[in-house]
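Visitor: I would like to learn how to read a ligand site and a sheet in a model such as this one. Could you take me through them step by step?

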Amino acid sequence: MSQQTPGTTATQAPQGDAFENLSQENRRFAPSAGFAANAVVTSADYAEADADRPAFWAKQARELLSWSKDFTQALDWSNPPFAKWFVGGEVNAAYNALDRHVEAGNGDRVAIYFEGEPGDTRTYTYAQLTEEVKKAANAFESLGVAKGDRVAVYLPMIPEAVITLLACARIGAIHSVVFGGFSAEALRSRIDDAEAKLVVTADGTYRRGKPSALKPAVDEALAHDGHTVQNVVVVKRNGQDVDWHEGRDHWWADTVGAASAEHTAVGHDSEHPLFILYTSGTTGKPKGILHTTGGYLTQGAYTHKAVFDLHPETDVYWCTADVGWITGHSYVAYAPLINGATQVMYEGTPDSPHQGRWWEIVEKYKVSILYTAPTAIRTFMKWGKEIPAKSDLSSIRVLGSVGEPINPEAWMWYREVIGADSGRKSIPAPIVDTWWQTETGAQMIAPLPGVTATKPGSAQVPLPGIAVDVVDELGESVPNGSGGYLVIREPWPAMLRGIWGDPERFKETYWSRFETMYFAGDGAKKDEDGDIWLLGRVDDVMNVSGHRLSTAEIESALVSHPAVAEAAVVGAADETTGQAVVAFVILRGDAVDSGDAIVAELRNHVGKEIGPIAKPKTILVVPELPKTRSGKIMRRLLKDVAEGREVGDATTLADNTVMAQIAHSLKK
Ligand code: PRX
């Protein structure tokens with residue numbers, strides 16, 4: 001029985017016709033005079049950064065962070081692709097996010113307004129959050145966690161998640177957050193790869209308003225011998241019944257609650273690892289993206305201030321991302337607090353208990369900066385503009401988008417319905433579409449709201465101090481009006497420092513496609529003005545609702561089911577989620593094609609192996625898969641089928657009857 005090897009890394013050139021439609025966008029929205037006059041960052045930053053990139057970042061590092069020891073060199077790029085930023089400097093992330101604001105007399109400023117899924121609320125001032133983080137730091141140390149140790153975090157979107165991350169950073173432990181929607185199996189592989197010593201979790205969480213358990217997944221992930229976890233700290237969130245492992249498990253309230261609130265932060269080397277975050281790549285095994293301290297914090301803080309035009313004394317900022325993703329790290333746990341901002345944190349889903357929940361939250365806390373993903377915007381569009389119109393959204397003055405390309409229609413809806421408060425505001429809030437990745441650590445391409453005339457659907461310009469380009473197959477910069485591959489030409493402060501435990505894979509994945517340039521994996525186009533349009537991934541990575549999923553990882557999950565002989569997965573265009581997972585499977589000879597039953601079973605199997613977010617929307621049982629003579633699956637043809645198009649050029653297939661066989665079997 002043949003079993004396909006999951007994981008082909010071929011890149012597909014961005015399709016020519018995808019570029020054509022985008023050139024038509026002529027609308028421009030210049031910043032209002034009032035906005036521009038009060039903007040925290042002006043166009044001078046571009047010129048300054050262009051003149052001397054490392055010096056520009058060194059200035060930001062010194063202005064935005066308090067260093068316990070100053071650095072002696074902005075950038076050491078003597079051993080590419082391994083960069084060192086702010087060499088010799090020492091800095092503590094938690095001190096910068098917390099203590100120093102209290103010392104500066106801002107202890108009473110609200111750091112977090114927490115809005116829980118069932119409607120419970122909590123408010124943390126900077127002084128209170130500092131105290132909680134000091135207690136957690138003491139508690140983790142008393143459980144044997146030391147500098148450099150790894151801590152796995154499997155928590156819902158509750159303040160304890162931020163407290164845990166900052167407590168780890170404070171003591172120099174390296175956190176590795178695993179999104180709460182990932183399965184026990186996904187958690188196990190991440191805990192094992194990082195060799196975590198401590199796991200922080202909760203008894204349960206809420207899913208669409210209903211309590212569900214979380215800790216059983218941790219118990220299952222630790223059910224094998226030879227794991228490295230010594231202790232598990234459990235936040236009581238919703239009173240779910242949990243199994244208890246005496247000696248290993250500790251309630252948060254007993255350990256953190258009882259710990260001393262005295263804890264002195266010491267500086268860590270600028271290049272000390274801050275965290276690992278696993279993300280999907282083109283092979284079955286997720287990559288542990290490694291970020292370090294000084295550069296990551298600097299670029300996060302600078303971009304958060306510049307791109308959102310942050311005025312920390314008056315703004316209320318709300319980023320809707322879960323802390324399980326990079327956006328929740330950089331733009332919830334770190335940058336807003338480094339910048340002394342007041343932020344809203346929401347545990348639940350947009351439609352629970354009703355479809356107007358977000359807009360009620362905006363009205364309640366007078367949110368002025370909202371940062372979310374196009375999928376959410378398209379979902380709200382579908383629900384109808386009457387829903388946001390019921391709330392007062394007049395406080396909103398900047399809107400951000402992240403995670404996937406935003407189509408011009410969604411962009412305009414975001415502007416008119418949310419940014420203009422359903423037409424009640426004469427000057428709509430500017431929209432900043434921000435392109436970046438888990439690997440880049442912080443925003444890379446985005447307009448500056450007080451400077452750039454924005455254009456619906458385009459992320460537009462590299463940020464000051466960032467060298468982005470679009471190149472052809474040979475790595476040559478393409479002229480305006482042409483498309484190609486997105487690359488980053490110069491090192492940037494928040495760049496990943498590697499893949500945990502796998503320096504070769506780091507070089508191979510990002511630095512081998514083009515010599516001396518970082519290959520992002522995205523297709524892009526420069527329009528006639530030189531503005532950049534992101535066109536989606538050019539590798540076997542899918543983007544579903546702004547979540548990154550690997551075709552190979554889902555294929556691996558499918559072929560691990562005894563009924564499946566081979567599987568091929570594609571991301572098919574989807575109106576709401578951007579892309580949707582469509583799987584083509586060949587069943588084993590002895591497996592019965594029981595129609596809907598097998599499809600349901602396979603979907604659940606993927607949910608169990610990876611997590612509910614990876615469940616294919618559609619599974620099609622087929623007799624064959626289209627392969628080239630060298631055995632590579634031609635996903636392009638499957639994508640044509642999945643998107644209901646006429647199948648493209650199939651002349652390189654080893655067996656040119658395959659597509660007809662597939663069409664025939666699907667008709668049945
Ligand atoms: O394809 C790009 C898309 O999301 C990918 C990165 O995914 P992840 O590491 O999960 O980080 C998402 C949040 C930063 C990119 O390779 N992407 C991200 N932002 C945009 C985007 N595509 C188009 N426009 C964006 N603004």
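This is a predicted model: local features need pLDDT of at least 70, side-chain atom pairs count only at pLDDT 80 or more; totals for chains, interfaces and linings use all residues.

Visitor: Which residues come nearest to the ligand, and which elements each supply at least two residues of the shell around the ligand?

Guide: There are 17 residues around the ligand, and those that come nearest are Thr434, Thr438, Asp522, Arg537 and Arg548. When the shell is read by secondary structure, α12 (326-338), β20 (431-434) and β25 (532-537) each contribute at least two residues to it. Sorted by class, the shell has 6 nonpolar, 6 polar and 5 charged residues.

Visitor: Is Thr434 buried or exposed?

Guide: Thr434 counts as buried because its relative accessibility is 2%, and the cut-off for that label is under 20%. The residue is found in strand β20.

Visitor: What does the side chain of Thr434 reach?

Guide: The side chains of Thr434 and Tyr371 are joined by a polar contact of 2.6 Å, while the backbone oxygen of Ser401 is reached by the side chain of Thr434 at 2.8 Å. If residues up to four places away in sequence are left out, Thr434 touches Val307, Tyr371, Ser401, Val402, Gln443, Ile445 and Ala446.

Visitor: Turning to the sheet, in what order do its 8 strands lie?

Guide: The general idea is that strands of a sheet pair through backbone hydrogen bonds, either parallel or antiparallel. In this structure, 8 strands form an open sheet with mixed pairing, in the order β12-β11-β8-β6-β7-β14-β15-β23. The edge strands, β12 (249-251) and β23 (498-499), each pair on one side only.

Visitor: How many bridges join strand β6 to strand β8, and which residue in β8 stands opposite Val153?

Guide: Strand β6 (residues 150-154) and strand β8 (residues 198-202) run parallel and are joined by 4 bridges. Opposite Val153 stands Val200 in β8.

Terms used: Residues are numbered from 1 along each chain as its sequence is written. Side-chain values use heavy atoms; hydrogens and water are left out. A residue is near a molecule or strand if one of its heavy atoms lies within 4 Å of it. Ala, Val, Leu, Ile, Met, Phe, Trp, Tyr, Cys and Pro count as nonpolar, Asp, Glu, Lys and Arg as charged, and the others, Gly among them, as polar. Buried means under 20% relative accessible area, exposed over 50%, partly exposed in between (1.4 Å probe, protein chains only). A polar contact is a pair of N or O atoms within 3.5 Å; within protein, one must be able to donate a hydrogen and the other to accept it, and residues adjacent in sequence count only if both atoms are side-chain atoms. Contact means heavy atoms within 4.5 Å. Two strands pair if DSSP finds at least two bridges between them.
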